[in-house]
Amino acid sequence: MKIYTLFNERPRFVLPLALLALLIPVALIEYQVARHTGGAFMYPLDDTFIHLTVAKNLALNGTWGISGSEFQSASSSLLYTLLLAALIRIFSAHAWIPFIVNVISGIILITVIFKRLQKENIRPFGQLIILLAIIFLTPIPILVISGMEHTLQCLFSFLFITRLADWLEQSDNESGKNSLPLSLLLYGVLCSAIRYEGLFLIAIACLLLLYKRKIGTAFLLGFICVLPVVIFGLYSISKGSYFLPNSVLMKSEGARLSRGGIFHFVFDVILRKLTVTSVGISTIATQYLLIILPLSYLFFEDPLKKNARYRYALILLIFCTFLHISFASTGWFYRYEAYLIMNSVFILSVLLYKYGSGVLSGFRRQPLVTGFIMVILLLPAGFRSASAFMQSSRACVNIYNQQFQRAKFLKTYYDNQPVAANDIGAISYYKKERPLDLVGLASIKVVRSIKNHYFSPAFLDSLSKSEHVGIAVLYESWFSDSLLVRWDKVASWTIPDNVICGDSVVTFYALDKAKIPDLKKNLQEFQPVLPAGIRVKYF
């Protein structure tokens with residue numbers, strides 16, 4: 001009770017404490033990582049280096065791609081790449097730039113949410129509890145250390161959802177014409193430009209407007225907000241690539257335009273994603289939103305009738321969650337679904353704080369049952385967050401032990417020579433000659449072969465040789481034996497305690513027998529500088 005009174009009497013403490021709750025875990029994680037890497041700054045994802053590489057080439061060479069001389073649609077975030085490129089142009093290329101961007105973005109995000117809680121007339125102690133729930137359940141510190149665009153995605157989606165909900169509520173209460181706010185158009189553009197999943201929010205917002213017979217407004221909002229995607233898509237096509245980025249194409253599961261293809265898409269792809277829970281805690285936590293959000297809509301039916309902005313926010317989140325699970329990815333270090341978790345925690349926390357005592361009063365007769373149901377519903381989100389914090393420093397060390405060491409080795413001995421690889425982020429950033437991406441993220445030829453159904457071991461072998469590739473560094477588990485038997489295995493590195501890399505074992509191959517002696521000699525020469533714990537094997 002004293003703590004409650006203290007914060008209510010001293011509201012100025014709320015925001016500083018919330019920011020400390022964000023920044024202290026970030027500092028502790030980075031300290032743990034630095035102890036293992038000898039001070040080398042590292043991310044828990046190889047993807048961050050892909051953003052850095054594209055941004056570096058855009059800033060220094062005017063080329064959007066992994067190579068400084070050739071377009072490659074390798075980034076799924078248009079705005080983030082442009083932002084990093086601008087900063088690299090000003091400060092030159094530094095690996096820590098995405099981290100600084102995310103620290104600043106995290107601080108802005110918490111501040112914006114804090115201001116919104118004040119607007120909702122929530123008392124200071126309630127503000128602090130809600131902010132802490134958002135920070136640790138999203139979890140925002142993990143997004144910050146990842147150095148990706150998802151912290152900004154959380155910020156822009158929050159601004160779009162709350163602004164749209166406010167405007168729709170205002171439109172319901174006011175007669176006459178109510179023009180579309182410029183701020184809403186701006187937030188919508190930012191949502192689609194920061195991540196392609198932002199189009200889900202835009203689509204649902206447009207459908208809401210159509211339902212409310214604001215036809216012209218719906219088309220205006222949709223047209224303006226999809227412009228970044230359309231402009232980049234047309235530019236990409238003009239460069240000989242596809243409308244969508246390679247990363248989006250590689251992860252998408254489109255329906256074939258036939259009865260069987262549509263049946264497969266609906267009943268195997270969509271329903272499987274909505275119901276199968278054996279694919280990881282991130283997917284389970286996201287699927288549970290499709291239970292928690294509609295239930296909240298029912299439980300808070302009376303308050304929602306009086307406060308339309310909450311109703312509109314819940315509708316946006318329910319249908320956006322459905323579209324995201326059906327058509328996009330979850331997981332891969334707790335980031336893809338983070339914007340859904342964050343916005344859901346916010347709206348549910350506000351509803352519970354303001355109306356929970358009245359709505360849940362009927363359940364007080366059965367406290368054990370009520371508690372059990374709430375624990376079951378919230379458990380996946382809690383496990384997801386705990387898993388993220390437990391794995392964060394180890395994931396950074398994994399990237400340092402594998403991706404960074406591969407890049408360091410290739411830069412030392414094959415800096416100006418083409419090599420073939422998968423997970424090419426760190427390799428592309430540190431190495432001068434771009435690698436051939438065997439899985440297609442940075443190779444339109446590989447993407448085209450997959451989309452046109454002629455991808456095969458023979459194709460990869462032929463492409464590698466036509467690109468004058470001498471060695472390949474890859475995960476054997478990702479490729480067919482009929483490809484690998486065409487090349488000569490020279491050595492492998494095995495990292496311990498893998499939680500993030502696609503495989504704990506990376507293998508070195510020579511595509512030409514004449515390359516074997518030099519490759520083996522270089523590996524043996526490099527071996528003493530490998531971090532402790534990496535197991536080396538020669539064949």
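How much space lies in the largest cavity? In this predicted model, the largest cavity holds about 100 Å³ of space, and a search of the whole structure finds two cavities of 30 Å³ or more. Of the 14 residues that line the largest cavity, those closest to its centre are Ile161, Thr162, Ala313, Phe346 and Ile347. Two or more lining residues are given by each of the helices α8 (150–173), α16 (308–327) and α17 (338–359), and the largest share, five residues, comes from α8. By residue type, the lining of the largest cavity divides into eight nonpolar, two polar and four charged residues.

The second largest cavity contains about 30 Å³ of space, and its lining is formed by Gln153, Ser157, Cys191, Ile194, Gly198, Leu201 and Tyr339. The elements that give two or more residues to this lining are α8, α9 (182–194) and α10 (198–211). Four of the residues that line the second largest cavity are nonpolar and three are polar, while no charged residue is found among them.

Among the contacts in the chain with a separation of 6 or more, 72% are made by residues 24 or more positions apart. The accessible surface of the chain comes to about 23700 Å², and carbon and sulfur atoms account for 63% of that surface.

Key. Residues numbered from 1 in each chain as written. Predicted model: local features only at pLDDT ≥ 70, side-chain atom pairs only at ≥ 80, totals over all residues. Heavy atoms only, no water. Contact = heavy atoms within 4.5 Å. Areas by Shrake-Rupley, 256 points an atom, 1.4 Å probe, with all protein chains shown as cover. 1 Å grid on protein atoms, 1.4 Å probe; cavity = no way out; pocket = protein on both sides within 12 Å on 5 of 7 lines; lining within 4 Å. Points joined across faces, edges and corners; volume = space filled by probe spheres on them. Helix = DSSP H or I, 4+ residues; strand = E, 2+ residues; numbered from the N terminus. Nonpolar A, V, L, I, M, F, W, Y, C, P; charged D, E, K, R; others polar.
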